[in-house]
Amino acid sequence: MGFTSMWHKAEGRRTRLSVLPWHVFLGLYTYGLAVATAETGLLEKLTFLQSRRRRLPRRSPESALINSLGIALALHAGVVILAAVLPKHHRRTLDQGWLSEHREDGRRRYDL
């Protein structure tokens, strides 16, 4: 649905702009779920390494590596989501008046 509404040439700009917030939200939500799955996988791997069969100590280099990977992954995901949500790189929408179909000289404007 999102791909079709964002790239289908027959859709108007107004329709694409009205679907854009949902497209961004669902994309970031899916990304967050993928990061949560990766974090759960790291925790599960560490739990299995510290089981009775392996007897990996709690303060081993492997534990520190997996914990560091988990923290780095969480920080990276936070930066990506923050960069996507910050208004610095957002384009102005219809409500703010920057979407005009034609320039003053009559040519079409493609800078949406």
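Student: How much of residues 64-86 is helix and how much is strand?

Tutor: Helices (H or I, at least four residues) and strands (E, at least two) are DSSP runs, numbered from the N terminus. Residues 64-86 are 96% helix and 0% strand, with 32 Å between the end C-alpha atoms. This is a predicted model, where local features need pLDDT of at least 70, side-chain atom pairs count only at pLDDT 80 or more, and totals for chains, interfaces and linings use all residues. Residues are numbered from 1 along each chain as its sequence is written, and side-chain values use heavy atoms, with hydrogens and water left out.

Student: Which residues does UniProt list as "transmembrane region"?

Tutor: The unreviewed UniProt entry lists residues 20-43 and 64-86 under that name. Such annotations may be inferred rather than shown by experiment, and the positions follow the numbering used here. Residues 20-43 are 100% helix and 0% strand, and their end C-alpha atoms are 35 Å apart.

Student: How are two packed helices described?

Tutor: By the angle between their axes and the distance between the axes. Axes are lines fitted to C-alpha atoms, for helices over the stretch in contact, and angles run from 0 to 180 degrees between N-to-C directions. Here α2 and helix α3 (residues 61-85) pack at about 175°, their axes 10 Å apart. Therefore α2 is roughly antiparallel to α3 (an angle over 145 degrees).

Student: What kinds of residues make up the contact of α2 with α3?

Tutor: Ala, Val, Leu, Ile, Met, Phe, Trp, Tyr, Cys and Pro count as nonpolar, Asp, Glu, Lys and Arg as charged, and the others, Gly among them, as polar. The contact has 16 nonpolar, 4 polar and 2 charged residues.

Student: How many aromatic pairs does a search of the whole structure find?

Tutor: Rings of Phe, Tyr and Trp (its six-membered ring) pair if their centres lie within 6.5 Å; planes under 30 degrees apart count as stacked, over 60 as edge-to-face and the rest as tilted. The search finds 2 aromatic pairs. W22 and F25 are edge-to-face, 6.1 Å centre to centre with 90° between the planes. They are 3 residues apart in helix α2 (residues 13-49), so about one helical turn separates them. F25 and Y29 are stacked, 6.1 Å centre to centre with 20° between the planes. W22, F25 and Y29 form one aromatic cluster.

Conventions
Angles under 35 degrees count as roughly parallel, over 145 as roughly antiparallel, 65 to 115 as roughly perpendicular and the rest as oblique.
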